[in-house]
Amino acid sequence: METIKTIFLSNIPASIAVIGLVGYFFAMAVVFITNPIKNAESFSVKPVDNAGKTEIRVYYGGISFALGAFLLYLTLALQTPIYSLIGGLFFSTTVFVTRSIFLCVDKGWKYPYTKLAIPAEGFFVIALWICFILSKTLY
């Protein structure tokens with residue numbers, strides 16, 4: 001336990017970001033594995049049959065769990081949170097930029113999920129970048 005504490009205290013801004021990323025991915029995993037249809041529909045995704053329900057569990061739930069677990073593993077294995085933060089930045093920034101581009105292409109900006117996703121993801125990406133900049137300037 002002391003080693004974990006030392007790792008996370010080695011770079012506090014990066015650690016805060018990694019804890020946020022891991023918490024987010026684990027929460028998404030629980031939400032989509034336990035109640036896939038209801039939660040997918042709030043994301044404007046609806047399965048056409050039970051195989052689709054499984055795909056929601058696997059791709060939204062399973063992959064979210066895997067991403068969170070990998071970022072945690074990476075932090076502990078390398079004994080620094082910075083590389084997990086960088087991985088989270090790649091993922092989160094790519095999702096945000098791709099969503100922003102295709103909202104224009106697909107004309108999806110007027111839908112309720114989008115009105116929540118864009119500001120929430122934008123805030124999250126900005127917070128991660130701030131943590132990254134602080135981690136580089138302070139440590």
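Modeller: Helix α2 passes helix α4 in a left-handed crossing. The model is predicted, and local features need pLDDT of at least 70, side-chain atom pairs 80 or more, while totals for chains, interfaces and linings use all residues. Residues are numbered from 1 along each chain, and side-chain values use heavy atoms, without hydrogens and water.

Biologist: Why is α2 called roughly antiparallel to α4?

Modeller: The axes of α2 (residues 12–34) and α4 (residues 50–78) come within 8 Å and cross at roughly 155 degrees. Angles over 145 degrees count as roughly antiparallel, so α2 is given that description relative to α4.

Biologist: Which helices supply at least two residues each to the lining of the largest pocket?

Modeller: They are α2, α4, α5 (82–106) and α6 (112–138), with the largest share, 8 residues, coming from α6.

Biologist: Why is tyrosine 139 called partly exposed?

Modeller: Tyrosine 139, in the segment after α6, has a relative accessible area of 46%. Buried means under 20% and exposed over 50% (1.4 Å probe, protein chains only), so tyrosine 139 is partly exposed. Its C-alpha atom is separated by 8.1 Å from that of serine 10, 129 residues apart along the chain.

Note on methods. Axes fitted to C-alpha atoms, helices over the stretch in contact; angles between N-to-C directions. Helix = DSSP H or I, 4+ residues; strand = E, 2+ residues; numbered from the N terminus. Parallel < 35°, antiparallel > 145°, perpendicular 65-115°, else oblique. Left-handed = near helix turned anticlockwise from the far one by under 90°.
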